[in-house]
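Here is a short report on a protein model. Look over the sequence and the fold first, then read on.

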Amino acid sequence: MSTASAATPSLVIIGGGPRGTGVIERIAANAAGLYPGGRLDIHLVDPHPPGGGRIWRQDQSPLLWMNSMAEDVTMFTDDTVRQDGPVRPGPALDAWAEDVRAGRITVDAEPAVLEEIRQLYGQDFPSRRLQSAYLRWVYEQALDALPPGITVREHRTRALGVTGPRGGRQRVRLQGRAAPLTADLVVLTVGHLDAEPDAEQRELSAFAGRHGLVHLQPDFTADSDLSALPAGEPVIVRGFGLAFIDLMVLLTEGRGGRYENGVYLPSGREPVLHVGSRRGVPYHSKIGYGWTGERPPLPRFLGPGQAGELLGRPGPLDFRRDVWPHVEKELGHAHYHRLFTAHPERTTVGRDVFEDKYAAADPGSAELAALVAAAVPDPADRLDLTALDHPLDGVRHPTYEALQGSLRDYITADLARRHDPGHSPDLAVFLGLLSAYGQLITLGDIGNWWHGFFSYLASGPPGPRLEQLLALSRAGVVRFLGASVTVEADEEAGVFRAGSATVPAERVEARALVEARLPDPSLRHTASPLLRGLYEDGAATTDTGLLSVDPGDGRILDRDGRPHPRRFALGPYTTARSSGAFTRPRTGGPAFGQNDATARTALTFLRDLSCRGRLSA
């Protein structure tokens, strides 16, 4: 027998978080059909414990919550997922917690986490460390489901590079290990990337260094050193999304403050956070009620057919010109289907009549606007995506003090609406966003605006976090800057200075600036030697720096568009990036379908490779 046929085939998975766990689960599900009786060594490389990985590791503040209710989180496939592999059902997070309470599932976790699990129900927002325990259990279930010939070996270190010919075994260089791992296939499932600072960030950090200021660059908030932000001092915060919410929590409750009856009682160790962004408002609150009644039929105006037609067009797609009209019409369809179904008393025509005319009208046309105006008398019942995306356009205040009460009113109104079933078309739009996202990931790199808009509408903070934000605003710990925020570095005064279009006549000065956002998922500025090495080895990237992959199975593409037969990549840094949120049960789960396709392609390749090895023996 030859040496090649004697060796056990091997697969290296780089990244042990939810995506890596999902690939292992799909290997276990598909092995019996595609790799029966085969032997395989899987090497899982991650410096953090598998299951949670870096972002969802157990070792982080218990104050940090998930952004989803327990009933809206699952790691298991169901019959709504578009995949060729078998469904392997399992409990969503809330059902898992119930099984733990009932003693049907045993979890190895710290006593404080076990107590959290016992107190968790469907509409609660779990802590991230609790989610870490769920993910670890899912990972262990995936290992248990692997057939006897497939083993997983964990390597608690970083992968530094992948080399090797297209037609031969790959070599994965590991930190702290002289000899590389050799592998027949490599799958990258790393999550959010650290980045080297761009020119603006370098200039701001250099300015801070010259003047003894603080500048915190884009980062995962739980990994940022917030001790540099002194108590009582103003801090300019650029970014009003989920990274800001984490920052807010860690600098208030994390420093000993507490809430009593909607009032924030400071510890005296908090800085004063002056926060603004492009929109000038926080992400919309998570919707606080469930679905009842008939669902809108989705997809309707943006399905596989429309996505295929867009892909078939010559030349690059322009998102606003080519794609957005389909998205806009799909979201409008979901919104008005729900309005006419659940709240017909707020309309003037029958649903069938409206839907026929809606289908015939062009997106954004005067005909469509006239139809909606005639059929839906109250403007509050109409879907205006432009107004949603630019809530402070045209809003001006003479002072920042005047802005504070106005923005508190905006947040209060948003909380009331997002928890009122009378506005259930908002929930239908959320379902439309999920459906549209599932189609758009097949189009490759469509720019960053869509992903930000999706997060702003569909992936905002839990309602209680916005209640806390209101309390912090009333206490003067958080101050709002407004929209179109600018930051300048005043060399003469030695301070950062922020302004906004909302309050054009005033500026705020501070000796600290925090960029409250994750680094862009781009290979252009990545600090990962692994991904930089792939690019230098010929991997293709898009204009925005995303790693180009085959939309079907995630194989990495070279600059001639050829898929690499032995390298795969899944995650937010690729052209097949999916929503960063966990999958809700029975919503299709595009990431699950991607995991399945990658696992099936990998197993088929390894099966064929083994057959060739036996024939050559």
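Two strands pair if DSSP finds at least two bridges between them. Helices (H or I, at least four residues) and strands (E, at least two) are DSSP runs, numbered from the N terminus. This is a predicted model, in which local features need pLDDT of at least 70 and side-chain atom pairs count only at pLDDT 80 or more, while totals for chains, interfaces and linings use all residues. Residues are numbered from 1 along each chain as its sequence is written, and side-chain values use heavy atoms, with hydrogens and water left out.

**The six-stranded sheet**

Strands β18 and β19 (residues 563–569) pair antiparallel over two bridges. There, L557 stands opposite P563 of β19. Both strands belong to an open sheet of six strands, in the order β3-β2-β1-β7-β19-β18, with mixed pairing. Its edge strands are β3 (150–155) and β18 (555–557), each pairing on one side only. From one strand to the next, the twist averages 30°.

Axes are lines fitted to C-alpha atoms, for helices over the stretch in contact, and angles run from 0 to 180 degrees between N-to-C directions. Helix α2 (residues 18–34) touches β1 (10–14), β2 (40–45) and β3, and its direction makes about 150° with that of β1. Helix α17 (residues 529–536) touches β1, β7 (185–188), β18 and β19, and its direction makes about 120° with that of β7.

Strand β15 covers residues 495–499. Is it enclosed by the rest of the structure, or open? Buried means under 20% relative accessible area, exposed over 50%, partly exposed in between (1.4 Å probe, protein chains only). Five of the five residues of β15 are buried, so the strand is largely enclosed by the rest of the structure. In a regular strand the side chains alternate between the two faces of the sheet. Here both faces are covered: V495, R497 and G499 are buried on one side, F496 and A498 on the other.

β15 pairs with β14 (residues 486–490) in the antiparallel sense, over five bridges. In this pair, F496 is the bridge partner of A489. The hairpin of β14 and β15 has four residues between the strands, and G494 takes a positive phi near 70°. Three bridges also join β15 to the antiparallel strand β16 (residues 508–510). A498 stands opposite V508 there.

**Cavities**

The structure holds five cavities of 30 Å³ or more. On a 1 Å grid over the protein atoms alone, a cavity is a set of points where a 1.4 Å probe fits but cannot get out; lining residues have an atom within 4 Å of a point. A volume is the space filled by probe spheres set on the points.

| Cavity | Volume | Elements giving two or more lining residues |
|---|---|---|
| Largest | about 80 Å³ | α7 (242–251), β17 (512–515) |

Residues lining the largest cavity include L216, L247 and V514.

**A buried loop residue**

L443 is found in the loop between α14 and α15. This residue is buried, with a relative accessible area of 9%. Not counting residues up to four places away in sequence, L443 touches A307, L310, L311, L317 and V323. L443 and P551 are 108 residues apart in sequence, yet 8.0 Å apart in space, C-alpha to C-alpha.

Methods. Contact = heavy atoms within 4.5 Å. 1 Å grid on protein atoms, 1.4 Å probe; cavity = no way out; pocket = protein on both sides within 12 Å on 5 of 7 lines; lining within 4 Å.
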